[in-house]
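Hi,

Here is the structure I promised to pass on.

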Amino acid sequence: MILTANDISKKYSRKSKTANFFYAVENACIEIEEGKITEIVGRSGSGKTTFVSMLAGLLRPSSGTVTFAGKNIYELDDKELSILRNENFGVVPQGQTAIDSLTVLENVKLPYALYKKDDEADAYAKELLDKVGISELEDVYPNELSGGEIKRLAIARALINRPKILFADEPTADLDDENTESVLKLFKELAEEGMAVVMITHEIGARAYADCIYRMSSGKLSIESK
């Protein structure tokens with residue numbers, strides 16, 4: 001297993017008639033394998049994004065451990081964790097996180113440029129833009145893009161450092177049927193090449209590509225099928 005989460009929870013303060021807190025995620029466990037697509041399904045608000053954010057090193061759990069390549073990632077200091085994420089994790093977020101002052105190509109190369117000084121990412125960035133079907137837009141700025149184009153930019157950007165794990169939160173949102181199929185096939189190719197893919201999705205057709213499926217319900221995770 002390349003990444004393991006043991007009993008991770010995220011607790012928030014909230015005063016109600018019965019308690020002063022609530023769990024967005026409670027005692028969740030998962031094992032992520034290289035070369036596999038792990039799909040996480042569930043209703044909106046069930047805790048899926050919170051859970052994956054903890055797996056990806058973006059949100060510290062209230063309790064429990066997340067172990068990557070033998071390291072408890074939340075025992076690292078902020079700089080060490082940032083470098084680990086940059087080198088090993090690719091993240092496709094739900095919202096629009098492109099930088100408006102950078103072109104599409106510059107946005108894709110940004111994670112590479114954060115810790116590296118050379119420009120070896122240029123050719124690979126263009127290759128990724130071609131794979132997601134927006135190569136002709138490399139010199140365009142984000143405010144000129146459609147929602148679907150923004151999503152494909154985010155996918156290319158998440159892959160620029162050739163991550164060991166790709167975390168994708170609703171990666172086919174805003175995409176038409178043709179581009180949805182193209183993205184799912186790309187994820188399958190990446191998994192076949194050895195990458196671990198963790199995908200939150202409501203896309204029914206994604207089930208055909210998944211190696212295992214987990215369901216999140218009211219903050220509790222259970223395995224649905226393998």
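When I say nonpolar core, I mean a set of buried Ala, Val, Leu, Ile, Met, Phe, Trp, Tyr and Cys residues joined through side-chain atoms within 4.5 Å. Keep in mind that this is a predicted model.

By that definition, the largest nonpolar core has 39 residues. Ile155, Leu159, Ile160, Leu166 and Phe187 are the ones with the most contacts inside it. Two or more residues come from each of H3, H4, helix H5 (147-159), strand E7 (165-169), helix H6 (177-192) and strand E8 (196-200). H5 is the top contributor, giving seven residues.

The axes of H3 (residues 104-113) and H4 (residues 121-131) come within 9 Å and cross at roughly 120°. Angles of 65 to 115 degrees count as roughly perpendicular and those over 145 as roughly antiparallel, so H3 and H4 are oblique to each other. Their crossing is right-handed.

Which residues in H3 and H4 meet? From H3 you have Val104, Leu105, Val108, Lys109 and Tyr112, and from H4 there are Ala121, Asp122, Ala125, Lys126 and Leu129. Sorted by class, that contact has seven nonpolar residues, three charged and no polar ones.

Cheers

Methods
Residues are numbered from 1 along each chain as its sequence is written. This is a predicted model: local features need pLDDT of at least 70, side-chain atom pairs count only at pLDDT 80 or more; totals for chains, interfaces and linings use all residues. Side-chain values use heavy atoms; hydrogens and water are left out. Axes are lines fitted to C-alpha atoms, for helices over the stretch in contact, and angles run from 0 to 180 degrees between N-to-C directions. Helices (H or I, at least four residues) and strands (E, at least two) are DSSP runs, numbered from the N terminus. Angles under 35 degrees count as roughly parallel, over 145 as roughly antiparallel, 65 to 115 as roughly perpendicular and the rest as oblique. A crossing is left-handed if the near helix is turned anticlockwise from the far one by less than a right angle, and right-handed if clockwise. Contact means heavy atoms within 4.5 Å. Ala, Val, Leu, Ile, Met, Phe, Trp, Tyr, Cys and Pro count as nonpolar, Asp, Glu, Lys and Arg as charged, and the others, Gly among them, as polar. Buried means under 20% relative accessible area, exposed over 50%, partly exposed in between (1.4 Å probe, protein chains only).
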